[in-house]
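Here is a briefing on one structure. It moves from a single residue to the sheet and then to the ligand.

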Amino acid sequence: MKKVIAALLTISLILVCLYFGLRPQPEPVAEVTGLIDAPTLDDIHTDDGQTIVGISMPDRLLERWNKDGSYLRAQFEKKGCKVLLRYANNLIDTQIDDIVDMIREGADLLVIAAVDGSALTEVLDLAKSANVPIIAYDRLIMDSDVVDYYVSFDNYKVGVLQAQYIIRILDLAHSEKPKHIEFVTGDPVDNNARYFYNGAMDTIKPYLDSQKLISLSGQVNFYETATAQWSTDIAQQRLQIILNSYYPENVTLDAVLCANDSTALGAVRALESDYTQKNPVAVTGQDGDIANIYNIINGTQGMTVFKALREESVVTVALGLALLDGKRPAEDLIAASDWDFKCSYNTTDYDNGKKLVASYLLEPITITADNIEHQLFDTGYYRRNSAGLIYAAK
Ligand code: BGC
């Protein structure tokens, strides 16, 4: 009997091996280097004549990209465009595949917030060979001479505002005793992260140089303070280690300069779990995510830099429609608009390594507990429902 069972098992094993060996293998994912041959222009599917806009966003994890995607989609659809909206899960290859797919599906315009600013050179060459204009959205796309325009906020100023808040709140101009600060910066593959860092560092450096401000961890440069993927968890863990290693019970920490709200959430959690002193720690942020708005109101985060995403999308849609119309706008786009917000046209400051990219830049603003009602609620960007819950409105 045992021999029969053994024989049956062997036969089944052979059959299973044959099945998996002979069945058709899945197509390998396109290599980045093979992209130029991926879809030929003949493959491109042009449909019923409706204009197609391809929007590629980095991830859904952050509140902001969800808003960006839905604002852009709604406005392009209102203008009669068909919208392809893809989120790349923060993965470079997924974003490249998304863009290839959108070109294949006949996109007439691409709006891209890059996961990695330097990884899209080849796929954008492909877009250009299909005559698809490209707008770099929020994050500058590097190393490409085919990016047409860039729409963003003044990213250097974001860092300046964060540093100015810390200088003001710690009264560094007048304080005698040195204060302690730690830095939590952004994702090194996001080109914006360096602008935020440079703005903050240029502003705060005189106080570090004069030792009015000291980082006890000694972690000050961009790479040692970086946070991969802008992750809340990574920011939290890094600050927990710093707190446990450099801030024993008798040593106070005064400020954590965080580059954005997702990293600020991590910092606040680390302070709650691993910092027992009772002094308030000044934590900065950026975006105005709802969780962080609550934290500003309850005092665990000092400020955020608010960027009106709807306005960023309004500029992008106006620019996109002009490009689809065969125009190459400059200041005239702003002059012809009825925008009730400030936007400047810049052709000198955004060098992507291959060209100076013509840019439309909006103004970021500082939000603290003192001006939050006026700047975010009275203006209608956020509302409270009858239960007091905050939600984004405008
Ligand atoms: C954006 C920020 C955002 C960060 C993380 C940056 O490029 O400008 O608004 O917080 O990415 O997604």
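**Asp-68 and its surroundings**

Leaving aside residues up to four places away in sequence, Asp-68 touches Met-57, Tyr-137, Leu-309 and Glu-312. The model is predicted.

- Asp-68 sits in helix α2, which spans residues 63-78.
- The residue is buried: the relative accessible area of Asp-68 is 0%. That value counts as buried because the cut-off is under 20%.
- The side chains of Asp-68 and Tyr-137 are joined by a polar contact of 2.6 Å.

**The sheet**

- An open sheet is formed by seven strands, with mixed pairing. Their order is β2-β1-β3-β4-β5-β12-β11.
- β2 (82-87) and β11 (343-346) are the edge strands, and each pairs on one side only.
- From one strand to the next, the twist averages 20 degrees.
- Strand β4 covers residues 134-137 and strand β5 covers residues 149-153. The two pair in the parallel sense over three bridges.
- Ala-136 stands opposite Tyr-150 in β5.

**The ligand site**

- The ligand is surrounded by 13 residues. The closest are Arg-64, Asp-138, Arg-139, Asp-190 and Asp-287.
- Asp-138 places a polar side-chain atom 2.6 Å from an oxygen atom of the ligand.
- For Asp-287, an N or O atom in the side chain is 2.6 Å from an oxygen atom of the ligand.
- Asn-260 has a polar side-chain atom 2.8 Å from a ligand oxygen atom.
- Taken alone, the ligand exposes 310 Å², and the protein buries 99% of that.

Terms used: Residues numbered from 1 in each chain as written. Predicted model: local features only at pLDDT ≥ 70, side-chain atom pairs only at ≥ 80, totals over all residues. Heavy atoms only, no water. Pairing = 2+ DSSP bridges. Helix = DSSP H or I, 4+ residues; strand = E, 2+ residues; numbered from the N terminus. Axes fitted to C-alpha atoms, helices over the stretch in contact; angles between N-to-C directions. Buried < 20%, exposed > 50% of the residue type's maximum accessible area, 1.4 Å probe, protein only. Polar contact = N/O pair within 3.5 Å; in protein donor to acceptor, adjacent residues only side chain to side chain. Contact = heavy atoms within 4.5 Å. Near = heavy atom within 4 Å. Areas by Shrake-Rupley, 256 points an atom, 1.4 Å probe, with all protein chains shown as cover.
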